[in-house]
Amino acid sequence: MNSASPSDSFLLPDDVDVERLIELFGGPGCCCQGHSADFSLCYFDSFDWRLNSAGLRLLQVTSDGSAVLRLQSADGEQVVEPLQSVAEPAWPADLPDSDLRLRVSSLLEMRVLLPLARVQIESIGLALLNEDAKTVVRLQLLSLLCDSPDRESIALGPRLRLIPVRGYTAESQRAADFLANEMVWPKVPPCLFEEALTAVDRAPGDYSSKLKVALRPKQTALEAQREILRALSLTIERNIPGTRADLDSEFLHDLRVAIRRTRSALTQIKLVLPEPVVKEYQQRFARLGQVTGPTRDLDVFLLELPGLRAALPPAMAADLDALEVHVRKAQRSEQRRLKRRLGSPATGAMVQAWRELLDAPRLPGEPGALSSLPVAQLASQQIWRMYKRVRKAGRAIQPDSPAEALHQLRKDCKKLRYLIEFFRDIYPAKPLKRMLRPLKDLLDCLGQFQDRELQAEWLEGLSAELDRSDPQGRRSLMATGALVAHLLRDQHLARERFAERFARFDAADSHVLYRRLFRDRGA
Amino acid sequence: MRVLGIYNIKGGVGKTAAAVNIGHLAAADGLRTLIWDLDPQGAATFYLRVKPKVRGSKRMLLGKRDLSDVLKGTDYPHLDLLPADFSYRNMDLLFGGTKKPTTRLRRLLRPLAAQYDLVVLDCPPSISLVSENIFRAVDALLLPTIPTPLSLRTLEQLLDFMAGHDLGSPVLTFYSMVDRRKQLHQDVVASPVDARCGVLSTTIPYASEVERMGLERRPVTAFAACSMAGRSYQALWTELKSQVAGLQPGAVFDSPY
Ligand SMILES: Nc1ncnc2c1ncn2[C@@H]1O[C@H](COP(=O)(O)OP(=O)(O)OP(=O)(O)O)[C@@H](O)[C@H]1O
Ligand SMILES: [Mg+2]
């Protein structure tokens, strides 16, 4: 016996239509046709599946000109009150004020909602009747057609949905048992999400900004490096369209991270790929990285602006409006330039050539001296070497060391972090996570130290461009000045935190882990 | 949740017909609606094709059994029924033996607030402890009145009673079973009514379709929406929405997913 529940849905064989259903349930005296209705349903999530990662589905259901947004758990349960909203959702902040907006925007942060898959639903109502010809179970016969922004429509199997009537659960249970055990129709999940995605060739979590490379410890260093670079090149390719369309700022962010990681994987995994390949692509990716810089700097400033505003005296905060307008204009023009550069034939050709090179059975030129080493050994050696370098440089930093020393340390810390993340797969997960935490915290601190300085410098440069001929302009000049002071204070705080952060990275127990994981394996 | 009591001291004035049709129209508007058939004779229950039986009704009335467990869905989306039970004839006695006997009904309804937008009470004819419970439970009392001088006197008696018991809910009346051919009906409809009571301008005509509800076992508004009687109930509901706050069309959205 299959267990069935009174509110199950069943997949229908192709030859079952309304007439056949009425017949199956005992004829017109026992089952009658009711209302028909059309619905359209669309699922939304961010490009990196933030709602899905939190076990949530956001869908907009439209019928007859009205629409609701629903936030559901993976098993179709309602999570917050549905929200009447006809507009297609995009920025969480633009949704009507509600619990739904609160939940969605806290998960999405700076990411925009994108449509994943749409399902057009035709529903025919049916009712099962008792001896008083009263409805005791409602049924819906559903035909479903699925599409997405880049997929044509595909029909999902028709299905029959049971809707229990209050106070008549036994009747629904009987109908469910009949369908499950006598008709032996398969049950379908109450939520269409996965089915609809599969139909349009998507899968939940099919993009993540986290680098995931499947490696085997015995693999050669060359194979592993190619694997890592291939994963990164995929991330680069997948983020270019969204960056060009400026859907949200994270496309560019992820693109830049993937470029930086690629450069790091090229240069820090030493003596593996043929030297000419490393040289050529090192340069090409450096150039691509530069192209993406200016827009990202402006994006970061705009993302941080609300927080920065809040740090100023309330009377002054509004004076930043002129600055914001100026930065937004600059961002738009840099974005246009970036769009052109990323869409250029040269960039397209270079990305494609890189992918082809990585996919080719043989690489051009002579592989490096360490190319046939087992990856575990090579990785361990190089991580251990970089770890020692970071430790030495960090210990040498004194309260009066120049800022340049910290900037250099930041670079090395990043290299260390990337190396560990590239080869994550061949090390035990738990100790690795424990080691990465203090390293990330240290990087945050060094990042704040450098970024705040750069932002302050950049703002000072910008204030030269602000119009100081009218009182409004002078006020925003003052506000910008206050902002610079705030940024420099922030930078100072980061410097004060450094010693403590570094000490945690350099702690004895952490050192034991580094030695065990990397020095011993590298030998 | 709004509670609307459909009440009259007199029997056979069209209370049940109004309760069922208004309940049906409210549900069709998307309001999650419950009709409670408080009359042990169970006419509303019969019209909605439900068996006039509430398991554990005594315990339910004493608040010892969850009301939600005895509710029945009807043939109409968003319209549920709390059926009549023969034991309701002893409701007076039952309530009389409890603490705070006049607010029992109000307290029984309170837990339903999250599930329903509107509760329609189809009340038995009488003036008793149960009626007082009804007056204290409702947001508005709707009185079908047959347009005869005697009915108007009964209405005044009721308003006196309510004033005497300090019952503040608004009272609205409408003329029911109006026979246009009767001069007397026309005269009464045109005459002024006690100022303590609002008078709806919609009247429900005497019509055979309403009687047919007993055969059809459906609301007139379901089987003869376009008949004179069907349209009158629709007009009554529309007017009611404009007079009683909180009856605006619901946010209910029926979709399979
Ligand atoms: N507008 C109408 N036209 C014709 N007949 C009607 C109309 N309204 C009600 N009736 C009939 O009059 C009878 C009494 O109506 P109904 O049951 O609605 O009144 P009631 O006030 O609820 O009665 P009771 O006090 O017994 O509960 C029923 O047979 C019903 O069909
Ligand atoms: Mg009645």
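Predicted model: local features only at pLDDT ≥ 70, side-chain atom pairs only at ≥ 80, totals over all residues.
Tutor: Residues are numbered from 1 along each chain as its sequence is written, chains are lettered from A and ligands numbered from 1 in the order in which they are written, and side-chain values use heavy atoms, with hydrogens and water left out.

Student: How do you know what confidence the predictor has in chain A and in chain B?

Tutor: The score to read is pLDDT, the predictor's confidence in each residue, from 0 to 100. Chain A averages 92, with 99% of its residues scoring at least 70, and chain B has a mean of 94, with 99% of its residues at 70 or more. Among the elements of chain A, helix 9 (residues 314-317) has the lowest mean pLDDT, 83, while helix 2 (residues 50-53) has the highest, 97. The model as a whole scores ipTM 0.92 and pTM 0.83.

Student: What makes a stretch of chain A count as a helix or a strand, and how many of each are there?

Tutor: Helices (H or I, at least four residues) and strands (E, at least two) are DSSP runs, numbered from the N terminus. By that rule chain A has 16 helices and 9 strands.

Student: Why is A:Arg70 called buried?

Tutor: Buried means under 20% relative accessible area, exposed means over 50%, and partly exposed is in between (1.4 Å probe, protein chains only). A:Arg70, which lies in strand 4 (residues 66-73) of chain A, has 13% relative accessibility, so A:Arg70 counts as buried.

Student: What makes the approach of A:Arg70 to B:Ser255 a polar contact?

Tutor: A polar contact is a pair of N or O atoms within 3.5 Å; within protein, one must be able to donate a hydrogen and the other to accept it, and residues adjacent in sequence count only if both atoms are side-chain atoms. The side chains of A:Arg70 and B:Ser255 make such a contact at 3.2 Å. The side chain of A:Arg70 also reaches the backbone oxygen of B:Tyr257 at 3.3 Å.

Student: Is A:Asp441 buried or exposed, and how do you know?

Tutor: The relative accessible area of A:Asp441 is 15%, so A:Asp441 is buried. A:Asp441 is found in helix 14 (residues 429-463) of chain A, and beyond its neighbours within four places in sequence it is in contact with A:Arg501 and A:Arg504.

Student: Which word describes B:Gly63, and why?

Tutor: With a relative accessible area of 47%, B:Gly63 is therefore partly exposed. B:Gly63 is found in the loop between helix 3 (57-61) and strand 3 (72-73) of chain B.

Student: What makes the phi of A:Glu109 and of A:Val184 worth noting?

Tutor: Most residues other than glycine have a negative phi. A:Glu109, however, has a positive phi of about 50 degrees although it is not a glycine, and phi of A:Val184 is near 55 degrees. A:Glu109 is found in the loop between helix 3 (99-108) and strand 6 (114-129) of chain A, and A:Val184 lies in the loop between helix 4 (169-182) and strand 9 (187-188) of chain A. A:Glu109 has a relative accessible area of 55%, so A:Glu109 is exposed, and A:Val184 likewise counts as exposed because its relative accessibility is 53%.

Student: How do you know which residues surround ligand 1?

Tutor: A residue is near a molecule or strand if one of its heavy atoms lies within 4 Å of it. In this model 16 residues surround ligand 1, and the closest are B:Gly14, B:Lys15, B:Thr16, B:Pro205 and B:Ala207. Helix 1 of chain B gives the most to this shell, with 3 residues.

Student: Which atoms of B:Ala17 and B:Ala207 come close enough to ligand 1 for a polar contact?

Tutor: A polar backbone atom of B:Ala17 is 2.9 Å from an oxygen atom of ligand 1, and a backbone N or O atom of B:Ala207 lies 2.8 Å from a nitrogen atom of ligand 1.

Definitions and conventions
Contact = heavy atoms within 4.5 Å.
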